[in-house]
Amino acid sequence: METEKLMLVQRELDLLNKHLNASNLSDYNKKRLLTELKSAIVVKDDELPEDVICIESEVELQEINTHQKFKFQIVLPSDANMQMKRVSVFAPVAVAILGYRVGSRVQWEMPNGIKTFEVLKVTRKSESLIESK
């Protein structure tokens, strides 16, 4: 699977770089994240397109093989609450999709194996819903 270029704001790039160096990510995920971060496009907050996943985004994903859908919001670790579907930016699925856009397919090693997710929807704070066509 070809790696798309991530689009991130500087603070998110810094968070992911810090996580890469301090985490216990699998070798597969470390290699993938390192490649993605090296080629990432860094933009200013006001230049980040509406359909790019960032911290505070609410997202809907679909796992390609099972067609299972997931909806959650990506938040800072201190705001994470699984009952409220608020997932830490350092959770495996959040690390996998941060910086991707609606329609992207992302492959990432999860606790139960390598999975491929498609980004179906992104809602940003104070923004309208963006959907995959």
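This is a predicted model: local features need pLDDT of at least 70, side-chain atom pairs count only at pLDDT 80 or more; totals for chains, interfaces and linings use all residues.
**View 1. Helices H1 and H2 pack against each other at an angle of about 150°.**
Two packed helices are described by the angle between their axes and the distance between the axes. Here H1 covers residues 10–22 and H2 covers residues 27–38, and their axes are 11 Å apart. An angle over 145 degrees counts as roughly antiparallel, so H1 and H2 are roughly antiparallel to each other. Their crossing is left-handed. On the H1 side, the contact is made by Leu 13, Leu 16, Asn 17 and Leu 20. On the H2 side, Lys 30, Leu 33, Leu 34 and Leu 37 take part. Sorted by class, the contact of H1 with H2 has six nonpolar residues, one polar and one charged.

**View 2. Lys 71 is an exposed residue in strand S4.**
Strand S4 spans residues 69–75. The relative accessible area of Lys 71 is 52%; exposed means over 50%. Lys 71 and Lys 85 are 14 residues apart in sequence, and their C-alpha atoms are 7.3 Å apart in space. Neighbours within four places in sequence aside, Lys 71 is in contact with Val 59, Glu 60 and Lys 85.

**View 3. Glu 60 is a buried residue in strand S3.**
Strand S3 runs over residues 58–63. Glu 60 has a relative accessibility of 6% and therefore counts as buried, the cut-off being under 20%. Leaving out neighbours within four places in sequence, the contacts of Glu 60 include Lys 69, Phe 70 and Lys 71. Glu 118, Val 119, Leu 120 and Lys 121 are also in contact with Glu 60.

Definitions and conventions:
Residues are numbered from 1 along each chain as its sequence is written. Side-chain values use heavy atoms; hydrogens and water are left out. Axes are lines fitted to C-alpha atoms, for helices over the stretch in contact, and angles run from 0 to 180 degrees between N-to-C directions. Helices (H or I, at least four residues) and strands (E, at least two) are DSSP runs, numbered from the N terminus. Angles under 35 degrees count as roughly parallel, over 145 as roughly antiparallel, 65 to 115 as roughly perpendicular and the rest as oblique. A crossing is left-handed if the near helix is turned anticlockwise from the far one by less than a right angle, and right-handed if clockwise. Contact means heavy atoms within 4.5 Å. Ala, Val, Leu, Ile, Met, Phe, Trp, Tyr, Cys and Pro count as nonpolar, Asp, Glu, Lys and Arg as charged, and the others, Gly among them, as polar. Buried means under 20% relative accessible area, exposed over 50%, partly exposed in between (1.4 Å probe, protein chains only).
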